[in-house]
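Student: I've just opened this one. Walk me through it, please.

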Amino acid sequence: MSFQNFKSMFWNILKFEINYRRKRPATYIYFGIFFLLAFLAVTTDVVKIGGSSGQLKENAPTSITFMMLVLSSFFVMITSAIMGVPVLRDFEQQTESIMFINPIKKRDYLFGRFFGSFIVLIFVFSGSFLGFVLGEFMPWREADKLMPFSLWNYLQPFLFYVVPNLFFSGALFFAAGTLSRKMITVYAQGIVILMIYMVAANLISTIDNRIIAGLIDPFGINTVSIYTRYWTMAEKNTQVVPLAGIVLANRSLWFSVGIIALIITYYRFSFSVIQNSVLKKKRKIIETISIINTDVVIPLATQKFTIANDIKRVVKLAWFYFKNVVKEPAFIVIVFTGIVLLCVNADSFGTMYGTQTFPVTYEMLQLIQTFTLFFLIIVVFFSGELIWKERNLKTDQIFDALPVNNAVTLAGKFFSLVFIYIVLIFVLIFISVIIQTIKGYHNYELGLYFKTLFSETFLMIILYTLLAFFIQVLVNHKFLGYALMIVFFIASAVISNLGVEHRLFHFSSGSMGTYSDMNGYGHYIRPFIWFSIYWVAFACVLFAVAILFSVRGMDTVFRKRWKLAKIRFVRPVMIFMFSCLAVFILSGSYIFYNTNVLNKFENSKNEEKKQAEYEKQLKKYQFTLQPKITDTRLKVDIFPEERYFVAEGYYILKNKNQKPLTEIHIQLNSDFQSYCDYLTFSRPAKLKEKFDKFYYNIYQLEQPLQSGDTLKMNFKIRFVTKGFVNSGSNTNIVYNGTFFNNLSYLPTLGYSADAELSADDKRKENGLKEKERMMDRNNPVGLSQCLLGDDADRINFEIILSTSKDQIAVAPGYLQKEWTENDRRFFHYKMDATILNFYSVLSAHYKVLRDKWNDINLEIYYQKGHEYNIHSMITAMKKSFEYYTKNFCPYPYRQLRILEFPRYESFAQSFANTIPFSEGIGFIMDVGNEDVDMGFYVTCHEIAHQWWAHQVTDANVKGNGMISEALSQYSALMVMKHTYSQELMQKFLKHEMDSYLFGRSMERKKEMPLEMCENQGYIHYNKGSVVFFALQDYISEDSVNLALKRFAKDWAFREDRYPNSADLLRYLEAVTPDSLKNIITDMFKTITLFENKTEKVKSEKQAASKYNVTIDVSAKKYRADSLGNEKPLLVINDWIDIGVYGKDVKGKDKLLYLKKHKINKSQMTFTVTVAEKPLKAGIDPLNKLVDRTPDDNVKSVD
Amino acid sequence: MQLIIENLSKTYSNGVQALKNVSLTLNQGMFGLLGPNGAGKSTLMRTIATLQEPDEGTIHFNSIDVLKQKDEIRKILGYLPQEFGVYPKISAETLLDHLATLKGISNAKERKELIKALLNKTNLFDSRRKNLGGYSGGMKQRFGIAQALLNNPHLIIVDEPTAGLDPAERNRFLNLLSEIGENSVVILSTHIVDDVKELCTDMAIINNGEVLMRGNPMEAIFSLEGRIWSKRIGKPQMADYKKNFKVVSEKMISGKPEIHIYSETPPGEDFIPAMVDLEDVYFSNIFLKN
C-alpha cells in the first residue's frame, strides 16, 4: 500500500471519528461542563478549585496550572468515556463484522480512531482553557487581584500539563477498551490511576518520599506542588511552571506509558471477529439428548404471599445480588485498590517530624477514612448497576412480570449493598487489626471500631445509597444518574460557599466529630443521632418515592409512570411515606429548636459583618486609657457532665496611668453561651453605654480613679450549654478534658483588637481598610504592654476550683487544699509569685506521674493508657531545667505540671507552672532510636516559655515572636543537641527548614525578617530554629547563652517597658565577633537565602591514610523582599562549612572533615586532606544556611 | 377460565398506534396470535403480562382486573418474553430457584422438586449446573419455558418463542408447548404460521394493531377452500400479475416464483387450484384487507 493510500485511509477514519463525535450532544455537553466550571471558578465564589488569597493573584500562572490540572484529572471519567469507546463501539453495536471485512489496515483503523478521538478530547478539555481565559475579562474581576493578562500563562499549562495528561490517560483507556472490549475494564483502570494519584498525594507529606511522589503522580498535580513548594508569592505570580527537573521526569514517564500503551494495543489488537475477548474463551455446551420427557409430571408447589414471606424474599434477593456484585471484576478492583491505598498510607499516618504515632484505634479509623472515597464509588456505581441489572441483562421482562412488589425488589437490591458495606467494614477492621499487629501494637479496641464505622461511616454510605437509588429510578438513565450523583456531591460542597451553612440543608450532615481517647465522641453523639434520624427519614421518603416510580415493564414516559405511581400508592406505602415524612419534619424541628432557638445560628458572612461592625463602632476606644488588673481571685465551679461552669470572683484594678480615669470599658465574652450575672465595682459607678450586640459595656465612675489608686471589680460569669449547635460546637468545656483560659471566657478591659476581622479580602468585602498585623516595633503603646495585651502586667493569682467527683481540676499556682463537699471535689490553688494575666483551667479524669528535679516538683497529668511518652517527657523536663537554670536564670516557681487535653486542638501552651498539652502531639508517638521525639521537643519548648515569655516577657510589637518563640525553639534545640545524635538533630532541622520554606511560599500577606515577624509561625518557630541553630554554630553555644543570660538579667519581670527584638539583638551582637557581624544581618534583619552548590569533587590518594580532596563549589547569596522577589548580592563574603564524608564501620555516613572556609567568590575550589577514603563532599553539607535546593550541596566523589 | 380483552388501544409516544380497539375473548387451551413483525402482538402480550399500560380498554382474567390488580395476575402468570437475557454466570438451577422464590414458592423442598421436574421436562437436567451464558438458543428458550411454568400458571404468554430456532429445536419446543396448554389459557404469539397450525385450536390474526380475523384454524382454511389459486411465473411478469390479481403470497421454488392468488372464481391463465394452507389464510388476511 502506498503512502498516499495510507494517508487517505488514516485520514478517512480520523475524519469519520471526528464527524461521529461532532454529531453527538455529549461532546458539547462535556465541553460545556469544562467551560462553565472554569468560567465560574475564576469569576464567582460558587465554584472553588484551589483558588488564591492574599497576595497570590487570581491569575497567577501557578494557580492557573493547578486549576487546569485539577479539572483535567478530576474529570478523568470524561476522558474514559471518550477514549475507551472508539473501538469498543464497533463491538457493542455489533458492526465489527461489517467494519472489519472492509480492506482497512489495522494501523489506519487503530490510529485513525485514536487520534480522531484524541482531537475531540482536546477540544472538549479546551473548554476549561477558554473558560479561564474568558473569565479573566469579565468586568467584575477585581484589578488588584489580577496580574496583567498573558495568553501564554494559560496556553503553557494547557499544552504542557493538560494535553500530556489527556494523551497518556487517553492512550491507556483506549488500550483497555480496545483490548478487553469491556467498558468496565476502562473504569477499573480509571480507579487504579486515581489510586496512584492518592498514593502520591499521601507520600508528599514525608520529605524523603517526595521524589517518588513527584514521579508517580499520573496527573502531575503533586509533582507541580513539589516543584513549586518553595516558590514565593512573587514567583508564583510571575512564573509559569517549566518542564524541568521532577516535572520533566514525571511528564516523560507518563508520556512513555501512553506510547507503550499504544504500541501494545497495536500489536495485541486483532481484526478477527471470532475472538470474543482477549482473556477468555467461552465454552458452549453441547447437548446430546434431544427427546422431550413427556412422562415427567410437574408437581404443584404452593405459593405464599404473606408479609413474612416478603421479608424472606427481600433477604433472598439481597443475598442473590450480593453474590452477583462481589463477583463483579469492577467491584473487586475497587475494593482491592482501596485496600492497597490504605496499606500504603499505613506507613505515614500521624507523622510528625518523620516520626509516626502508635497505631491507636483512632489513627486507624482516620486511616480507614481513606477508603471513604471507594465506598462512595461503590455506592454510586453499584446502585446504578443494581437498578439497571435486569434491564442490562435484558431479563427485565421476566423479572418485571413476577409477583414481586416493587418495594421487595428495591429493598432486596438496597440490602444487598448494605450486606456488602457490612462485609467491607469487617474487612477494613480486620486489615486495621493486622496493621496494628504488624506494628507491634496490641491494644485492639474492637468496640471503638464498630462504634465508629457502624455509625458515622455506615450511615453516610447508606444515606448516599438511598439517594442514588432515588436518582437512578427517577431519571431512569444510568449514566445521567451517575452524572447527577457527582453533580450532587459537587453541589453539596458548593452550597456552603453560597451561604447555605445550616446542616439541615446539608445531606447526610450527621458528624461524630473528632474522637479523643480522653473524651470519646463526647457531646457529638447527641446531635449525630438527631441528624441521623432526620436524614434517614428523608432518605426513606426518597426511597418510597423510588418505589412508586420505579420502572417496571416498558412504560418509561413520565405520564404513564405517574399513573402507575398513583396505582402503587397504596395504604402501606402511604403509611410508610407519611410516617417518614413526619419523623423528618419532627426531627428537623427538634434540630432547629436546638440549633436556632436554644442556641444561636449565624452564617459566616453575618459573623464577619458583625466583626466589621464591632471595629467600625468601637475602634475609637482602642486607646482609651484603662486600669490594669493586679490581682485576680476566682471561684470556678465546673460541671463537666453538663458542660457548664460558673466563675465568680474579683479583679483588683489599678490605675497605672498618669491621668485619672473616669470610664471603665468591659468586654464580656461575646459567645451566646456566656452570661454575666453581675459585674460591679467597689466604687460607685453607673453603666454609661451598653453595646449589647458586642457585649461591650462602658461604666462611668462617679469619682475618677486617681493615678495609683485601685478598685475592685466583682463579677459572676456563667457558661451554659443547652442542647446542641449547628456547627463549631464548643470543645473547651467537655465531659472529660475541659481546658479553657481566662482571655476567652472572662471579662477583659477595653476594646479588643484581636476580635477584628484579620483577612484583608474579608475586610475589603466589609468596607474596611487593610490592617497591619501588629504594632510597629518601636510603638510606645506596644512597648508598654506585654504580648498578651494591655489588661495587666503581672498579677497575683488565687483560685478555688470545683469539679465532679471523679475529675481533677487544675489551674496555675500551688495546691493549698483539696476537699470533697456535696459529692464534688474542690481544689484551692494559689501562686506566691506574680504571674502573667493568662491562666488555664483544666478538669479531667487524670492519672498522675510525679517526679522531682532538685526542689522542683514535676507532674504529668495524663489519660490512662497514654503512658508511652510520659517518661521521656519527664526526662525532657529535667534536662530543660538543668540547661535553662544553668545557662539563663533561675526558675521562679517550685513546681511544673504538664496536663493532657483532648485532641480537638493540636498544641501545647505554657501557663505559669502549668502546661496543657494536646493528646494529639506527643502522648502516643512511637519513638524509635533514630526518631525525633515530638513529646520531648514540645516539652522542652514549652518549659523554655517559663523563661521566654513568663520571665522575659516580650512587648506586643512586631518581632516579639523572636523573643518568646524563637528563643524557646533555641532553648529546646540546645537540650536536644545535648541529648540526641547529630543525625537526629539534622533530621529535625531538615523538617524545620522545609516548614520555613514552605511556610513562606504560602504567605498571604508579606514575609518579614525574623526580627520583624508578625505572629507568623513559619518564621518564629521554623526559621527561628534554623537561624538560631546556625548562630550558635557560628559564634558558639556559650556566646549565645552568655548573651541570653545578660538579656534575661536585664529584662526579666520588667513591667515599665517590655523588650522588643532590637533589645535582644543588641545582646547577640555584643557577643558576635566583628568578622561574623554580617550573619546577624543575614539571619535576623533580612530575608537572606543561599544557593550553595557543589560542582565537582575529586579525590587523590597521597599515601595509605592520606587523601587530597578537591572540591569545586559555587555559592550565591540572595536577599528577598516581603513578596519573595529575590535580588542576588554582588558581594559574598561569608564563612561557610566545607565538609567531606566517608563511611563508618556500619556503613553510615561519617564526617571526615568539617570546617568553615571563607567564601568570597561565587566559584571557588578547595583542597582538603583527610585520613580516610572520602566518598562525598560539599559546601554547607549540614544545611545550616537557608537554601532552597539543599540537596545539591553535597556531591559524590567522581 | 377466560381472558377477556375489551377495546384495548395503545399509541406510542412516537405516534405509532400499536393497538386499535382490540377485543378478544380467550378460553382454556392454546390460542395462536398470528401477525407480521410490528403488528402489535408484543404490545398486546406485554399489556396482558402487566408490563405495559394501554391508553384505553380493559383486560380481565376470570375475576381479576389485569390492569389494576397487577400483583394478582402476576401470581398466576407464566410469561416468556420475545427476547430475553439471563444472568450469564449463574446456573439454570440457581436462577430457577431464585425465580421460584420470587414467585412465592417458599418451601425449599417443594421448590427443589418442582425445579427438578421442570428441568427434566425441558430436558435441561444434565446442564442444570452449567452457566446460562453457555446455553444455546434452544436451551435458553426451554429454560424460558421452565421459568414460566414455575408457579403452575393459569395464564401463559409465550411471545415469538420459535423465532431464531433451528428446525429441530423448534420441533422440540413446540412439543413442549403442546403439553402445557391443557389446563390453562395459553397465548402463543408468532409470525410463523406453522406454529399455530400445529398447536392451536383457536387463533387470531392481527396486523397494524387490529384484529383481522379470529377463529379456528381449520375452519379458516376450510372457508378459503376453492378460492386460492397458484401458478409458477417468470420474474419479469410479477408486476403484471400483482396489478391484475389479488396476489396473496409469492414464494420461490427452485429459483422461480410461485404465486397464490385469491379469486372466488377460477381466474384462468393456467392458474391451478391450490391446496389451501393456513398460510393462505394468513396472507389473504394481511394483504387483502390492507
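**Helices, sheets and the chain contact**

Student: The crossing of α4(A) and α7(A): left-handed or right-handed?
Tutor: Right-handed. A crossing gets that name if the near helix is turned clockwise from the far one by less than a right angle, and is left-handed if anticlockwise. Helices here are DSSP runs (H or I, at least four residues), strands are E runs of at least two, and both are numbered from the N terminus.

Student: Experimental or predicted? And what's the numbering?
Tutor: This is a predicted model: local features need pLDDT of at least 70, side-chain atom pairs count only at pLDDT 80 or more, and totals for chains, interfaces and linings use all residues. Residues are numbered from 1 along each chain as its sequence is written, while chains are lettered from A and ligands numbered from 1 in the order written.

Student: What are the scores?
Tutor: ipTM is 0.93 and pTM is 0.90. Chain B averages a pLDDT of 88 (the predictor's confidence in each residue, from 0 to 100). In chain B, 99% of the residues score at least 70.

Student: Back to α4(A) and α7(A). At what angle do they pack?
Tutor: About 150 degrees, with the axes 10 Å apart. α4(A) is therefore roughly antiparallel to α7(A). The cut-offs: under 35 degrees is roughly parallel, over 145 roughly antiparallel, 65 to 115 roughly perpendicular, and the rest oblique. Axes are lines fitted to C-alpha atoms, for helices over the stretch in contact, and angles run from 0 to 180 degrees between N-to-C directions.

Student: Which residues meet there?
Tutor: From α4(A), A:Ile78, A:Thr79, A:Ile82 and A:Met83; from α7(A), A:Ser117, A:Val120, A:Leu121 and A:Val124. Contact means C-beta atoms, placed from the backbone, within 7 Å. Asp, Glu, Lys and Arg count as charged; Ala, Val, Leu, Ile, Met, Phe, Trp, Tyr, Cys and Pro as nonpolar; the others, Gly among them, as polar.

Student: And how do α31(A) and α33(A) pack?
Tutor: Their angle is about 55 degrees and their axes are 8 Å apart. So α31(A) is oblique to α33(A). This crossing is right-handed. Among the residues that meet are A:Tyr970 and A:Leu973 of α31(A), and A:Phe1028 and A:Phe1029 of α33(A). That contact holds 8 nonpolar, 5 polar and 1 charged.

Student: Switching to sheets. What's the strand order in the one with β5 of chain A?
Tutor: β5-β6-β3-β9, four strands in an open antiparallel sheet. β5 (685–691) and β9 (748–749) are its edges, each pairing on one side only. Pairing takes at least two DSSP bridges. β3 and β6 of chain A share 6 bridges. One partner pair is A:Leu661 with A:Leu705 of β6(A).

Student: What about the sheet in chain B with β12?
Tutor: Open, 4 strands, order β12-β13-β11-β14, antiparallel. The edges are β12 (246–253) and β14 (272–273). β11 and β14 of chain B pair over 2 bridges. B:Trp229 stands opposite B:Pro273 in β14(B).

Student: How many residues does each chain put into the contact?
Tutor: Chain A gives 45 and chain B gives 55. On the chain A side, the elements giving two or more residues are α14 (307–326), α18 (396–400) and α23 (558–568). α14(A) gives the most, with 5 residues. The chain A side divides into 21 nonpolar, 10 polar and 14 charged.

Technical notes
Two residues are in contact if their C-beta atoms, placed from the backbone, lie within 7 Å.
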